[in-house]
Every structure is written in structure tokens, then in C-alpha cells.
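This report describes selected features of the structure shown below.

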Amino acid sequence: MSKLSRDRRTYWATRPLREFLPELFERIDGYYRFVEDSGLLALWRAAHSAFYSGYYMGGRINQVGPNGKYSQMEANEIRNLATHLLNMITSQKSEPEAQAKTMDFAAQQQTVIADGLAETLSEDKGLERIRQDVAEKGLYYGEGWVVPIWNKELGEVYAMDSAAPRVNGLGEPIFDGDGQPATQERPLHTGDIEYDVMHPLDVVRDTTRTTASAPRWLCGRRYANRYELMDTYPHLADEIAGVDSATEQLRGGRRPRLFQEYGAVSDDCDEVVVWDFMHARRPGVPSGRIVSALGPELALENDDLPYRDLPHLRWSAGDIDSLPFGYSLFFDLLALQQGVNAGLSAITSRLAAFGLPTVSGGSSTALTQLGNGMSCLTYNEGEPEPKLIDFANLPPGLTQFLQMLRDLMATHSGINNAARGVAEGGVTAASALALLESRAIQFAALSQRADIETMKALYTTSLRHFQDHAVAEVIVKMTGKSNRTRVEKYKADAFAKVDGYTMKIGNALQSTTAGRLQLAAGMKQEGVPITPEQYIQVATTGRIEPVTRGPRAETEQIEAENEALTNGEEVTALLTDNHPLHIQEHCVVLSDPESRKDAGLVARTLAHNQMHQEQWIRATVTMPALLAAKGIPPAPMPQPMGPPGPPGGPQIGVPGEPPGPPGPGGPPKNPGAPLAEQQGGPGQIPIERAQPARNPLTGQPNPHPGASA
């Protein structure tokens, strides 16, 4: 270590730039010495070689050994297992849900805008692809990193700063001929968010810590175009031009990359390595610190940390105890994968050497090729009879050993055959396959938790960047009624009361084809109309949407009607509506105590529900086939009233009170008839006037209870 690091009177991260930069690069070099000496670099490179064996093998069987007498063949079993696990945890699109700091109406309204912002970032910035990339690195190398940063040099120019101070590579001011601090004119951009995905070799950290959680500082390695940096920092153009390129820095071998270069390192490289050091806000560093440097004497930025906390987000399903590094279950499979490769290479070498059978016999025995796949076997009479010898016959133990290795890899990874699309032991029932596949998903719970936590932090950190740094209006895509999308522009204060996001977790079974089949079968058993064509679509495509399209559209229509009722609009009920569902969901509008104080809203909602009741009774009486096709039960008809009691006896009504006078229109026409027959009003069809539905083939009345005369 440097002598500066032994000065314990001041914290090294708070020192002036001239003293800080040499110390930083001493620690960077110390990090790479640690990962190499501890074996982590060899482990990560072994994982890289195993997961990308097709590249390293050149997509062919290689001849190795003395004179190429052995054949080398690999079957990438470990990548297949990792890909299935990756698909399990990332197959469902992440669904962030904004959470407000308070429960007031204004804050809850801002969550709608924040949800639109999350959807916009997901589409425009490709967050789902970033999610898959960082999870893949976590599975391969024990941990993956994603760093959302606010790049103030992006976006449109909204002003010019004519008094920006000029500094040298050590952050020291440059003076003009009069001895005054020199200034420069710099454009001010609106800025934008960008994302860097890194593997553990690119995230320098304090290796003396015993845990990976809550790091005080981190230093990321990224690559930037030399000439773009010269345009961004024109006052440092000469210093940037003299920095070694990214490939030239590899010649020393002090700061290796994950991929091990072979042969000469090319000098035709326009990229340089940028080291972004960030220190969190701590008692010793209350404002935090950010330094972007190209070398021990050249810094691009030196400022307080512009973020609430370190933006480095780590994906890891587990950690190495007492070390600040992640651990992957696939580390345990690397040796098994080498065993599979060795067994396959042995079989391939045997077949290559003895693939064609040979013939034993006397000295005159000869096997002559006649062409077109025909051969002629000749031998002299009296010599031993020729016999066919097949050296390519494989010992049973070799193939059994290979199968044992494959089974061990499947067991250790938790990916059974059902999860890989192969029937487990002849199991074909959809429910059994779904159970096996769900158990594979349950085994991956730690990886799924890492995925959820990382995406939650990613969306929350992105939101805070916009809250703290956006100076221009932000474009937000909002999803309104009937899933129609509109584009709006909002200032940062439009979602200032939003605290962050939570992640919705879907049912694990619904992420698998077998689970969707089981769900479709269960819906059919519950009476949901599902056609054979829809079930086939679920089986062939794995998509449940063909079955849920109708119910989803009905739900969206109900939500639109509730929104219209709340906004003071009149809503009409149609005969084809799912009336029981509509009545149930419209009552939700009046579940809020504040809504019940709005007399107009109460009247509109009750009137609309009354309309659904009338249409339901009408459909029950006149269109029972419509209800049956939609899986809607018939309307429950009011029970007939019993005969009046004897004079002086108990009467229906309030105890001790005489029965009230008849309602408008006189007494009921038929006191013993159903309520729909007693009453007649707008939108109602008395039963006495309704024509019973009849079978068009036989002419007999329909036995439906609501269709009797």
C-alpha cells in the first residue's frame, strides 16, 4: 500500500484530489491483486469459459493431444440449466406499483403518473432487457450489477454557463494572464438517465470487509470513447489524448478483464477506461463524494455525491460468507460440466479411432471396398473363419456415468425434466406436470427474490433521479380507459410525493405452460365458457390471454363505468352485460365513506345497479340462451308471498303497526305472484306479458325456471 494510506489522521476519501487520486489507484490495483490471488478471477473465467463453450470450442469437435489423436467434444449442459432458471425468474414482465409518502388524495393521484413513468422507462430504456442481463451475470458469476446514473451531459441544451471555472486534471483552477481564475462557456443540458450493467470484476470495492451489504464506497470501471470525452471536456483534451487506450492498459496485466485476450493486443482502440468512484453520505463524508478519473493525475469530475445513496444495485442470490462477493449455485456445477465434457470426449475419441468395424482371420483374409457402400470379404479355404470385431462398442459404465453427472447437475440446479419440457417418468397429466414445474420454481426462490429486490431498487432509484435532477418536462406514457395510451409531459413536482415502488409478484404456476393449462381447465370447471380452440391456443402457445380476453374486457368496461359514475356521467346497462359482476363491482364505488356523502354519486350508482337488475331479469325471461352462453346464472326471482293471516293475527311489517296503504297504482294485481309480476315500471316486463321461450324444433316451452308462464 502507499504511504498515504498509512496516515490515519485523515480519511483518505476526503483528501484533496492531488492526494486522493494516487490512493484511489493503489486501492484499485489492490482489488485486482486480491481477486487474482484468492482464485476469484480463475473462478469467474472458468464460468465464462463454461457458459460460452460454443465460442471457445469454435462450434466444432477439436482434435487435441499428440498428433491430434484425441477428439474434444463438449455439451453445454450448464448453460441449458441456467437458461431455464433465467426464464423462470424473468418470464413475467416486472410490474412496479408506485407508493406515495402519504395517503392524501393528491399524493395518490401522483402515483398514477409515477406508474406511467415506470412503464415509459421500461419501454424506452429497455429495462426488461437490462433485467435479464444483470440476472444472467448474477447466475454466471455470483453477482451482477446495474448502475442507473443521471448523465447531465445528455438531453437538449437549455442554457449556457459562461462563468464555468477552468480546472486542470487535478481539479486545480487555471489562471489567466492577469492572475485571475480562468472561466469557460459550457452548455447546460437537460440531462437524462442511463444504465450501466457490470459483472463483479468491474466493481472495485473494499476487500477487507466481511459483507457485501451497505458498502461505504464503490468504484466502477466503464469504457468511453476518447473523442467524445475530448468534446465533453475540451479544457482537458490534451491530457485525454495522451491516456493509454483500454487495450493498451491490458499489457501490464494489473487490471485484467473477464475475457482473457489471446495473442497480440490491438492498438486500434478508441476507448479509454473511466473509473467512477462514489462514496456514500456518512458521518465522515457528510456530502458524499464522486470522482471520475482516467489516471492518478487526471480527473474529469470531482464533486459531492449528487444522489441520495450509492446508485450501484447488486443482484445476488447468495454471498460467500466472510467475503464481500456473491456466490452462485452454478459454481457447484462447473466441475460436473467438466466431467460431462471429459466423458463425451472419451466416447468421441473412441468412435473416431474405432468407428468402422474390423475383421479378424488368416493372413489372406482381406476386406475390399467395391464402392457405393459395398464391400467384398475374401479368405482362403482352410484358414480360420473371419469374424467381425467392433471396437466401438461402448462400456455400459461410461454411459451410466454420463447420465449420473447429468442427473447430479439437474438435482443441484433444481431444474427437473418437467421444467425443461420433458415428461418426468412418463407423467403426462397437466396438473402433475404443473406441480413438478412449480417445485422447480420454488427451488429458485432465492434467485427470484434477488430479481424482485433489484428491480424494485432500479425503478425507485430511477424515479429519484428524475425527482432530484430533471429540469425539463418528462415525457410519460399514460394508459387510460380500455388500455388506450396517451403521451403527456409532466414536471418533476408532478410525482414529488411518490416515495418509490413495490413489485407485484405473480403466481409461479402462471409463468409455465403446464400451469396455464391447469388454470384454463379450472376455469372451465367453474363454468367459464372456454372453446376447444382457445384451449388448444393455451397448449400450443403457453398464453392464457385467449381464455382471459373476454373476462378482462368485461373488467375494463366495469372500471370505465365506475370512473364515469365518479365523474358525474350517466352510464347505460346493456342486455349483454355480466349483470351479477357489474352489480358487485359497482357497489365498490360506494364503499368509500367519502363517496357516500356525495348524494349525486349515490343516486347515479343505485340507479345504474337497478338498471342492471332489470336487464338481468329481462334476459332471464326472454333470452336464457344468452345467459347460458356467457356462463351467467339466471336472475333469482322473488319468492311468492304467502296468504294473508287471519284478522287480528300477526301481519308482515313493523310489529305493532297496521299494514301500510297500497303503493302508487293501487293494490298489487296478484299478491301471490312474483314481485316482477306485481310491479310494472319503466324498463320492466311483467311476467304476465312475457312470452315463454320455446324450443324452435319441438315447439315445447323451455324448462328454464324464469321462462314459465
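## A bridge between two strands

In strand β12, leucine 298 is the bridge partner of glycine 295. Strand β11 (residues 289-295) and β12 run antiparallel and are joined by five bridges. Strands here are DSSP runs (E, at least two residues), and helices are likewise DSSP runs (H or I, at least four), numbered from the N terminus.

The model is predicted: local features need pLDDT of at least 70, side-chain atom pairs count only at pLDDT 80 or more, and totals for chains, interfaces and linings use all residues. Residues are numbered from 1 along each chain as its sequence is written, and side-chain values use heavy atoms, leaving out hydrogens and water.

## The sheet and its helix

Five strands form an open sheet in the order β8-β9-β10-β11-β12, with antiparallel pairing; two strands pair if DSSP finds at least two bridges between them. At the edges lie β8 (203-204) and β12 (298-303), each pairing on one side only.

Helix α1 (residues 17-37) packs on this sheet and touches β8, β9 (217-225), β10 (271-279), β11 and β12. Contact means heavy atoms within 4.5 Å. The direction of α1 makes about 75 degrees with that of β11; such angles run from 0 to 180 degrees between N-to-C directions, and axes are lines fitted to C-alpha atoms, for helices over the stretch in contact.

## A helix pair

Helix α4 (residues 77-90) packs against helix α12 (residues 445-469) at an angle of about 50 degrees, with the axes 9 Å apart. Leu85, Ile89 and Thr90 of α4 meet Ser447, Gln448 and Asp451 of α12.
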